[in-house]
Amino acid sequence: MLTEIRSLNEECGVFGIWGHENATQISYYGLHALQHRGQEGAGIVATDGKALKALKGEGLVNEVFTQGKLGEMHGHAAIGHVRYATAGGSGIENVQPLLFNSTTGSLAISHNGNLVNATELKGHLERQGSIFQTTSDTEVLAHLIKRSGYETFEEKAKNALSLLKGAFACAILTEEAMYVALDPNGLRPFSLGRLGDAWVVASETCAFDIVGAEFVRSIEPGEFVIINKDGVRAERFAYPEERSICTMEYVYFSRPDSDIDGINVHSARKRLGIQLAKEFPIEADVVTGVPDSSISAAIGYSEASGIPYELGLIKNRYVGRTFIQPSQDLREQGVKMKLSPVRQVVKGKRVIMVDDSIVRGTTSRHIVNLLKEAGATEVHVVISSPPIKSPCFYGIDISTSGELIAANNTIEEMREIIGADSLSFLSVDGMVQNIGRTDPGSKCGHCLACFTGEYPTNIFPTTVLPHEKETVR
């Protein structure tokens, strides 16, 4: 699969809309804008106020949804999801939104993130009689809601959300309303927008631009937003903790045209490149970036250093998803299929190659080789983030330190492994200060766990649960 060329992947993207006669079609375009956040599966659940109907499958958005199938999905509200499998693994049963039907009403859930206490909660629920149909941690939330002893759905949902630990940006759909929630640390981006009289939510604001919606505001940490025929109402399921948005959203995951808490991603990445040039001035002939997420930083490095920026690497956008199989040999061949050096740009030149991160090192080594095979006399690799030394437990596919090259090697050893003439990483302070967040605290609202090993939540929490024989209340 195409995503395996890169060594870092986000779990998924969430989209939702309430109050529009073409909710399903708009959701399709919204998910298409979020395709970079997940390429293994996609789904939409829509409601006409009487029932919920699902359409989902494995593959890209335009593979899962055809015009004929979308035409059968009628309703004024819908939630959608694109997925990259981390927690729970792949398989059609784990493709979201997850839909649950019962005699007391149906609900569907789209979730971006990862619950660090999912195993504990699942064990508790199974001992109470729950039977799980998927291996996704998202299903835990549905069981908690349905088993809650509170009276109204809003109370049930808020109580269930308060038991979750970790990263979660959720959209929940019933026949009567759409509910939106963000974890107390705000680890994932989530925004609210307006499309005429309709309300829209999305993991990234680029989805608003695609569907013609206007950004209203960011969803706040610990917030529970109710959207129904009466409009929008905001409540809380938890007090907000210290803001800790995933820094890799700015560095790599999000699209350059998205804004996160008022900060444009392209502008932030460009400032990271400028800071790189200040921290690591290098004598060279040309600057190039690894497409696509590193282009902005490469432009910044070029402007600050005065070294011309050139397209030294071209991305082939027509590589089929099924070409790259999960074997190391074919994955390495896939790098050559996806990226091509521009020989006349790099031949006989000292090249500064800007990239956003190094995780396992395999991709970097092959890109350096591509440039040298094309005639580059020197390849200096500069990275617009610090070394990734610690695993992520919040929804990124780096779950062990054993797979992280920076956790097991010095920078000089890493340089030798990837074959570069020099290797430099942006400092933590340089990264945080130049992204531009102004949240109080030394971390300025960032989660820096993969760089520093300091996690914003307890990654081995003990959840306060009710007595085993009682319902969740």
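**Figure 1. The buried pair F168 and F237.** In this predicted model, F168 and F237 are both buried. The centres of their rings lie 6.0 Å apart and the ring planes meet at 40°, so the pair is described as tilted. F168 belongs to strand 7 (residues 166-173), whereas F237 belongs to the loop between strand 13 (231-236) and strand 14 (245-246), so the pair ties together parts that are 69 residues apart in sequence. A search of the whole structure finds 8 aromatic pairs. A pair of aromatic rings is described by the distance of the centres and the angle of the planes.

**Figure 2. The aromatic pair F153 and Y179, with other views of rings.** The ring centres of F153 and Y179 are 5.0 Å apart and their planes stand at 35°, so this pair is tilted. F153 is in helix 6 (residues 153-162) and Y179 is in strand 8 (residues 178-182), so that the pair links distant parts of the chain, 26 residues apart. Y179 is buried, with a relative accessible area of 6%, whereas F153, with 22%, is partly exposed. Elsewhere, ring pairs link Y28, Y29 and F65 into a cluster. A charge also meets a ring in this protein, for the charged end of K122 sits over the ring of F132, at 4.9 Å from its centre.

**Figure 3. Helix 6 and the elements that cover its buried residues.** The buried residues of helix 6 include E154, K156, A157, N159, A160 and L161. Among the elements that cover the buried residues of this helix are helix 5 (138-147), strand 7, strand 8, strand 12 and strand 13. N159, which is in helix 6, has a relative accessible area of 13% and is therefore buried, since the cut-off is under 20%. The C-alpha atom of N159 is separated by 7.7 Å from that of I145, although the two residues are 14 apart along the chain.

Figure 4. Leaving aside residues up to four places away in sequence, E223 touches V180, A181, L182, R217, S218, A234, E235, R236 and F237.

**Figure 5. Helix 10 and the residue that follows.** In helix 10 (residues 295-305), the residues S296, A297, A298, G300, Y301 and S302 are buried. The buried residues of this helix pack against helix 9 (265-279), strand 17 (286-289), strand 20 (350-355) and strand 21 (378-383). Just after helix 10 comes G306, which takes a positive phi of about 80°.

Figure 6. A disulfide is a covalent bond between the sulfur atoms of two cysteines. A search of the whole structure finds 0 disulfides. The cysteine sulfur closest to that of C12 is in C170, at 9.3 Å, which is too far for a bond, and C12 itself is buried, with a relative accessible area of 0%. C447 is likewise in no disulfide, and the nearest cysteine sulfur, belonging to C246, is 6.2 Å away. C447 counts as buried at 10% relative accessibility.

Figure 7. Another cis peptide bond joins P291 and D292, where omega is about -5°, and D292 lies in the loop between strand 17 and helix 10. D261, a residue other than glycine, has a positive phi near 50°; this residue lies in the loop between strand 15 (259-260) and strand 16 (263-264) and is partly exposed, with a relative accessible area of 30%. C444 also has a positive phi, of about 55°, although it is not a glycine. C444 is in the loop between helix 16 (428-435) and strand 23 (446-447), and with a relative accessible area of 19% it is buried.

Note on methods
Residues are numbered from 1 along each chain as its sequence is written. This is a predicted model: local features need pLDDT of at least 70, side-chain atom pairs count only at pLDDT 80 or more; totals for chains, interfaces and linings use all residues. Side-chain values use heavy atoms; hydrogens and water are left out. Contact means heavy atoms within 4.5 Å. Rings of Phe, Tyr and Trp (its six-membered ring) pair if their centres lie within 6.5 Å; planes under 30 degrees apart count as stacked, over 60 as edge-to-face and the rest as tilted. Helices (H or I, at least four residues) and strands (E, at least two) are DSSP runs, numbered from the N terminus. Buried means under 20% relative accessible area, exposed over 50%, partly exposed in between (1.4 Å probe, protein chains only). A charge sits over a ring if NZ of Lys or CZ of Arg is within 6 Å of the ring centre and within 35 degrees of the ring normal. A disulfide is a pair of cysteine sulfur atoms within 2.5 Å.
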